[in-house]
Amino acid sequence: GQITNDPNNNNNKNNGMEMSFRQLSKALQPDMKLLMHGSGDVGPLEVDDASKEMLSDLTVQYIYNLVEAAVDAHDILTDGAGGN
């Protein structure tokens, strides 16, 4: 699956996911310059805002895919019973 960042999407479930995506991405952004500096990519004062935003978005997409895969694996292991 993929989260699309489309503000024109009228589906309520997708709108909720879009809002969550934006909130999580925004929450991660202050830490991105530290992460980028810690990995040796750039000095903490030289981080481009667009790069920080893109890396935050990619991180949120990665988390979403990881959780989706875990839920799918759980459904497979429990034959869709959810542990009941």
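Reader: Where is isoleucine 63?
Author: Isoleucine 63 sits in helix α2. Helices here are DSSP runs of H or I with at least four residues, strands are E runs of at least two, and both are numbered from the N terminus. One caution: this is a predicted model, where local features need pLDDT of at least 70, side-chain atom pairs count only at pLDDT 80 or more, and totals for chains, interfaces and linings use all residues. Residues are numbered from 1 along each chain as its sequence is written, and side-chain values use heavy atoms, with hydrogens and water left out.

Reader: How many helices and strands in the protein?
Author: Two helices and zero strands.

Reader: Back to isoleucine 63. Why does it count as partly exposed?
Author: Because its relative accessibility is 34%. Buried means under 20% relative accessible area, exposed over 50%, and partly exposed in between (1.4 Å probe, protein chains only).

Reader: Which residues make the nonpolar surface patch?
Author: Leu24, Tyr62, Ile63, Leu66, Val67 and Val71, for about 540 Å². Patch members have over 30% relative accessible area and no salt bridge; nonpolar side chains (Val, Leu, Ile, Met, Phe, Trp, Tyr) are joined within 5 Å, like charges within 9 Å. A salt bridge is a side-chain nitrogen of Lys or Arg within 4 Å of a carboxyl oxygen of Asp or Glu. The areas are Shrake-Rupley values with a 1.4 Å probe, and for residues only the protein chains shown count as cover.

Reader: Which helix gives the most to the patch?
Author: Helix α2, residues 49-77, with five residues.

Reader: And where is leucine 24?
Author: In helix α1, residues 12-38. Leucine 24 is partly exposed, at 34% relative accessibility.

Reader: What is leucine 24 in contact with, leaving aside neighbours within four places in sequence?
Author: Val60 and Ile63. Contact means heavy atoms within 4.5 Å. Leucine 24 also lies 9.4 Å from threonine 59, C-alpha to C-alpha, though they are 35 residues apart in sequence.

Reader: What span does α2 reach?
Author: 42 Å from first C-alpha to last, over 29 residues. That is close to the expected 42 Å, taken as 1.5 Å times one less than the number of residues.

Reader: What comes just after α2?
Author: Aspartate 79, with a positive phi of about 50 degrees.
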